Amino acid sequence: MLTRSPKLSLYAAFAATSFLAALVLGRPELAALGAPFAFVLAVGLALPSPPQATALLRLERQIAVEGEEIGAELVISAPPGAHELQLALPLPDGIRQAGGERALLLHLRPGRDRTVALRLVCAHWGGYRLGTVLLRSRDLAGLRVRDMQASGDAPVRVYPRPSRLLSLIAPAQTQPFAGNRVARTKGEGIEFADIRPYLPGDRPRRINWRLSAARQTLYVSEQHPERNSDLIIFLDSFAEARRHEAGTLDLAVRAAASLAEHYLASRDRVGLVGFGGVVRWLTPATGTTQLYRIADALLETEVVFSYAWKGIDVLPARSLTPQALVVALSPLLDDRSVGALLDLRGRGFDLVVVDVTPLAFTTQPRDPDARMALRTWRLWRDALHFRFERLGVAVAEWDGQRPLAEVIEEVRAFRRFARITSA
Amino acid sequence: MLAAAGLLCVLVAPLARGPFTGVALFALATEYAVAEVTGHIPAVSVAGYAVGLITVSELLLWSAQLPRSAAADREVAARELLMLAAIAVAAAVLAAVVLAAVGVRLPGALDAALLGVAAAVTLLALPWLLLRRASRP
């Protein structure tokens with residue numbers, strides 16, 4: 001779009017006024033004052049109007065982890081007559097330009113393309129579509145301005161950066177597939193479990209010769225088999241508490257990504273249940289492909305407002321496999337998610353609740369009534385925690401300030417003495 | 001007083017990005033006109049004043065159209081300074097030419113009247129022609 005710059009109006013008004021003043025006052029010197037402005041107008045408008053230019057954004061890669069920088073190239077096609085170009089890259093909230101400068105003022109050589117290298121910082125997880133470039137060229141005298149928009153499509157997926165975990169929550173029961181986890185049952189394995197008298201059918205290599213020699217009767221050693229387990233990440237997206245750029249859903253997604261990565265690295269199967277206005281699930285599976293599947297599903301997670309009452313009945317049976325460990329990441333703000341978690345526990349699932357606390361996103365009110373309301377709400381939340389704990393469910397609060405590993409340790413400590421059941 | 005207001009506007013304009021440039025230009029020009037009419041300054045000084053005025057305007061308008069945070073090529077600044085120098089020289093020459101033209105005495109009243117009519121028509125037609133041209137893509 002071609003527009004007149006403020007300079008054109010200002011110079012025209014000034015030249016006209018000075019000429020008029022020279023005529024009215026009979027002072028030709030005043031005309032001399034306005035003559036240079038009229039000259040700039042006349043020469044500037046006689047020159048060609050600002051040319052069209054196009055730009056294309058190319059990304060070095062389309063996948064990044066939160067906090068990483070990705071390289072980008074802006075290829076600008078300069079038509080004949082182009083000499084200067086202002087260029088701005090409108091970026092979504094989660095992406096910013098390294099160095100902080102969003103606009104570029106480029107010198108162009110007419111008819112020659114120019115490539116500008118940029119660094120983009122992926123500040124927040126999410127799926128983004130980049131490629132829109134705003135261009136502004138002006139004529140040689142700066143009297144006319146042409147604004148253009150180059151629309152390209154450069155998608156980039158920024159995955160949440162996983163936290164470092166020192167240990168994982170061991171599930172109550174393991175699955176029948178081979179893995180890295182020592183099962184509670186006895187069978188073929190490496191880890192020593194027990195010693196018992198020899199029974200017909202026992203393999204001779206399992207005989208504990210030292211003990212058998214001492215007791216003068218045959219004993220065999222038993223081992224725990226190495227098995228894998230199923231982890232279901234239950235992500236509550238009914239509601240979130242948000243303040244500025246951070247919110248409980250962000251924390252929950254980061255925690256989910258961390259858990260998925262670590263459990264999958266331990267050869268466990270990981271599934272995902274997104275429980276909210278939109279219910280989505282991924283059946284448990286193992287491997288790198290599953291990690292990317294989960295990461296992609298997490299990127300699409302958002303709070304969708306809904307009045308519909310939903311229970312865990314809406315989930316297909318294969319999404320909640322028997323003997324799976326369910327780790328719920330929830331701000332416990334919505335009765336539907338609280339009800340679903342209690343229902344899960346009632347059905348015998350091995351449940352852990354990580355309360356992504358919304359208290360971290362509240363401020364201390366000045367009003368006494370509001371302070372009282374906040375205290376009551378805290379008490380209600382404590383009562384809810386206690387209700388879960390009474391059912392043998394470990395509940396740990398996470399405010400995003402302390403490391404996730406600490407929360408996991410807290411859960412592990414609780415589970416050492418808790419009544420563990422499995423579906 | 002006007003000069004002080006004009007200078008203040010010149011100082012404020014780069015921060016306010018635009019709106020004060022016009023005020024500064026008109027305030028400084030009015031100050032000059034008042035001084036010139038009251039006969040305090042020699043007529044020749046108009047050349048210097050015109051150069052100063054257009055240089056200040058160009059700089060203020062250039063600063064207003066620059067983005068707040070931008071990485072600029074060195075060539076852009078160099079070209080802009082070159083342009084500014086050319087405009088300053090052209091302004092000085094033009095102002096001198098206008099002043100010289102003031103001294104020209106026409107032989108007859110009819111010639112003077114014809115020249116006056118032509119100047120008036122040009123003056124009125126110029127903005128219309130320029131704006132019509134500017135609106136064309």
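Analyst: Gly274(A) stands opposite Arg280(A) in strand E19 of chain A. This is a predicted model: local features need pLDDT of at least 70, side-chain atom pairs count only at pLDDT 80 or more, and totals for chains, interfaces and linings use all residues. Residues are numbered from 1 along each chain as its sequence is written, with chains lettered from A and ligands numbered from 1 in the order in which they are written.

User: What makes E18(A) and E19(A) a pair?

Analyst: Two strands pair if DSSP finds at least two bridges between them. Strand E18 (residues 269-276) of chain A and E19(A) have four bridges, in the antiparallel sense. Strands here are DSSP runs of E with at least two residues; helices are runs of H or I with at least four; both are numbered from the N terminus.

User: Why do E19(A) and E22(A) count as edges of the sheet?

Analyst: The open sheet has six strands in the order E19-E18-E15-E20-E21-E22 (chain A), with mixed pairing. E19 (280-285) and E22 (394-398) each have a single partner strand, so one side of each is left without a neighbour in the sheet.

User: Why are H1(A) and H2(A) called roughly antiparallel?

Analyst: Angles run from 0 to 180 degrees between N-to-C directions, with axes fitted to C-alpha atoms, for helices over the stretch in contact. Under 35 degrees is roughly parallel, over 145 roughly antiparallel, 65 to 115 roughly perpendicular, the rest oblique. Helix H1 (residues 6-25) and helix H2 (residues 28-46) of chain A pack at about 155°, with axes 8 Å apart. H1(A) and H2(A) are therefore roughly antiparallel.

User: How many residues of each chain are in the contact between A and B?

Analyst: Chain A gives 42 residues and chain B gives 40. Two residues are in contact if their C-beta atoms, placed from the backbone, lie within 7 Å. H2(A) gives the most to the side of chain A that touches chain B, with 13 residues. That side divides into 28 nonpolar, six polar and eight charged.

User: How do you know that E7(A) is joined to E1(B)?

Analyst: Three bridges join E7(A) to strand E1 (residues 70-72) of chain B, and the two run parallel. Within E1(B), Ala71(B) is the bridge partner of Leu104(A).

Definitions and conventions. Ala, Val, Leu, Ile, Met, Phe, Trp, Tyr, Cys and Pro count as nonpolar, Asp, Glu, Lys and Arg as charged, and the others, Gly among them, as polar.
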